[in-house]
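Open the model in your viewer and keep the sequence panel beside it. This tour moves from the whole chain to single residues.

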Amino acid sequence: MDSCRRAAAALEELALLSELAGENPFKVRALANAARAVLRFPEDLEGVSARGELTAIPGIGKGIAGLIEETLAQGEPAALLELRSVLPPGLPGLLQLTGLGPKRVRNLWQELGITTVGELEYACRENHLLTLAGFGPATQAKILGAIEFRRSTSDKHHISTGWHAAEETLAILREVAPDGTAEVAGEVRRFCEVISEAVVVCTDVEPAALLPALARLLNDAIGDGSGQVTGRHASGVPVRVVSVPRGSFGTAIVWQTGSGRHLEQLAARAFSGGLVLAGGVLSDASGREVECPGERNLYARIGLPWIPPEIREGDGEVEAAANGILPDLVGESDVLGAVHVHTTDSDGTASLEEMAEAAAQLGWSLLGIADHSQVAAYAHGLDATRLRAQGEAIAARNGRGERPLLLRGIEADILADGALDLPGEVPLDFVVASVHSSFRQSVEAQTARLVRAVSRGRGTILGHPTGRLLLAREGYQVDLEVVLQAAAASGAAVEINAHPFRLDLDWRWVRRAVGLGVPISIGPDAHEPAGLADVRWGVGIARKGWATAKDVLNARPWPWW
Ligand SMILES: [Zn+2]
Ligand SMILES: [Zn+2]
């Protein structure tokens, strides 16, 4: 009965959204019961309604009968449209995760401001759920598992997940063809912030051995008969392996790595030199393949030096290469340490000592501690007394000559008007200034807010400048050009937040910041020792934004100002 199904669906959604909105539980239950009653009702509701007999159905009172009439007349009751417009649009999506009912979702929204799956995932990873009544570590882990499962079936993935899938594929290939070459290509190698597949190019693999070997790692692995195997990694990332003869490896990996625009520009140069670059093969005028065992061979054949993969976007790099002015991009080995690290003093899971030890293990010579400021109550933000005590512990440790050198800092909330939540008289080496609230200001207000924050000048680092969460949440509306100009004028720095869910500043704006001479801080925003290694993703984004070591604050020895 179509009319019964439609009315039941409307009432059910109304029950759910009413509960999310915190309405009277009796009303919520009445709606849910009515939905079940009309779904089971054996007769078409149009006729019942025409006879004015809806209230004769058990569980249907006058109010609900009115809602059913509206559904029959106009598709949906006005109350439902109204609720949808007042609730955050991502909220109902949270209900689809196992372990989350309306009560819990409402709690997450009201207490932690979580309205999307992405925000929820981020909060789980930072242990914020543990601050809520009724959410223990087991619940948090269960929710995280449900989110991961959901992500594994979506078609876009974080760069970190892409690298993980690519590296596991590489390991298999190196096992089956120890004398061959195998390298990561595609968006993963270009360090795109989100990726849709992982590509690996290899040589010297027995065609008959390739598929069975990859089937150990990839689900639904299939070969296409021409040396290409595709499948899906357990993380959900589609993986494509391209196997080529040794003499074609250089051309193949360039072809599988560059963006469409980069490849077009290479093809144009090849053409003007009497060669043809097409379909992943370089050939001469007679159509014979020109062998290029390595990438450098291919670039040299078309009169260019090797171009770093991260910048192969067709955005001026071919021209720069031709003119011999490619930037000397910052590398992981240039990084001396990092600032923007949390400890158990705020919402980190490891002590100052443990974080320092983990940094030493990475070979870092400096580490900047930046726990949350006071207004971030959800993260146990530090007041002046606790901040001073932490600073004294840091100074004492440095005084004993222990490595790495610890810097005293704070992640200060940028308040709604652009002032910083900063205790005045505590000595600090740096301040990471971050927006954690009032996301929905107008572009003008948000821009003025960030301009005021960066105008504090040297010693200030604008943390995760747009607040975006990749695949989850857009950043707030802000005119970054104006903010970067203000930072350039005042001497403030901007962060590339290296957490793979953020990678904020976006690499396109990194290039602009570098152009304006705004120093970049690659900050891990680590909440646990393992998080320090996220600097890797930030370095990739810095490279993608054409940053050299001299543009990066944490590639310079302390003091910076
Ligand atoms: Zn932050
Ligand atoms: Zn942080």
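A residue counts as buried if 20 or more other C-beta atoms lie within 10 Å of its own, as exposed if 12 or fewer do, and as partly exposed in between, with C-beta atoms placed from the backbone. By that count, buried residues make up 45% of the 561 residues in the chain. This is a predicted model: local features need pLDDT of at least 70, side-chain atom pairs count only at pLDDT 80 or more, and totals for chains, interfaces and linings use all residues. Residues are numbered from 1 along each chain as its sequence is written, while chains are lettered from A and ligands numbered from 1 in the order in which they are written.

**Stop 1: the whole chain**

Show the C-alpha trace. Along its principal axes it spans about 85 × 70 × 40 Å. Switch to cartoon: the chain has 22 helices and 16 strands. Helices (H or I, at least four residues) and strands (E, at least two) are DSSP runs, numbered from the N terminus.

Now colour by domain. Domain 1 covers 1–87, domain 2 covers 158–322 and domain 3 covers 332–555. These bounds come from an automatic or database domain assignment. The centres of domain 1 and domain 3, taken over C-alpha atoms, are separated by 50 Å.

Next, contacts. Two residues are in contact if their C-beta atoms, placed from the backbone, lie within 7 Å. Of the contacts in the chain with a separation of 6 or more, 68% join residues 24 or more positions apart.

**Stop 2: the cores**

A nonpolar core is a set of buried Ala, Val, Leu, Ile, Met, Phe, Trp, Tyr and Cys residues joined through C-beta atoms within 7 Å. Select Val200, Leu367, Val510 and Ile520. These have the most contacts inside the largest core, which has 118 residues. Its largest share, six residues, comes from helix H10 (residues 159–176). Domain 2 (158–322) and domain 3 (332–555) both contribute residues, so this core lies between them. Another core, of 39 residues, lies apart from it; Leu14, Ala34, Val38 and Cys124 are among its members.

**Stop 3: the parallel sheet**

Which strands form the open sheet, and in what order? Seven strands do, in the order E10-E11-E12-E13-E14-E15-E16, with parallel pairing. Two strands pair if DSSP finds at least two bridges between them. Select 337–341 and 520–523: these are the edge strands E10 and E16, and each pairs on one side only. Neighbouring strands are turned by 30 degrees against each other on average, direction ignored. Axes here are lines fitted to C-alpha atoms, for helices over the stretch in contact, and angles run from 0 to 180 degrees between N-to-C directions.

**Stop 4: strand E11**

Select 366–372. Is E11 largely enclosed or open to the outside? Seven of its seven residues are buried, so E11 is largely enclosed by the rest of the structure.

Look to one side. E10 and E11 pair in the parallel sense over four bridges, and Ala338 stands opposite Leu367. The chain crosses from E10 through helix H17 (residues 352–361) to E11 in a right-handed β-α-β crossover. Right-handed means that, with the strands pointing away from the viewer, the path from the first strand over the helix to the second runs clockwise.

Look to the other side. Seven bridges join E11 to E12 (residues 405–413). Leu367 stands opposite Leu406, and His372 has Glu411 as its bridge partner. The crossover from E11 through H18 to E12 is right-handed. Select H18 (residues 384–399): this helix packs on the sheet, touching E11 and E12, and its direction makes about 165 degrees with that of E12.

Zoom in on Leu367. Beyond four places in sequence, its contacts include Gly337, Val341, Met355, Ala359 and Pro404.

**Stop 5: two partly exposed residues**

Select Asn297, in helix H15 (residues 295–301). Asn297 is partly exposed, with 18 other C-beta atoms within 10 Å. Leaving aside residues up to four places away, Asn297 touches Gly250 and Cys292.

Finish at Leu263, in helix H14 (residues 260–272). Leu263 has 19 other C-beta atoms within 10 Å, so this residue is partly exposed. Outside four places in sequence, Leu263 is in contact with Trp255 and Gly258.
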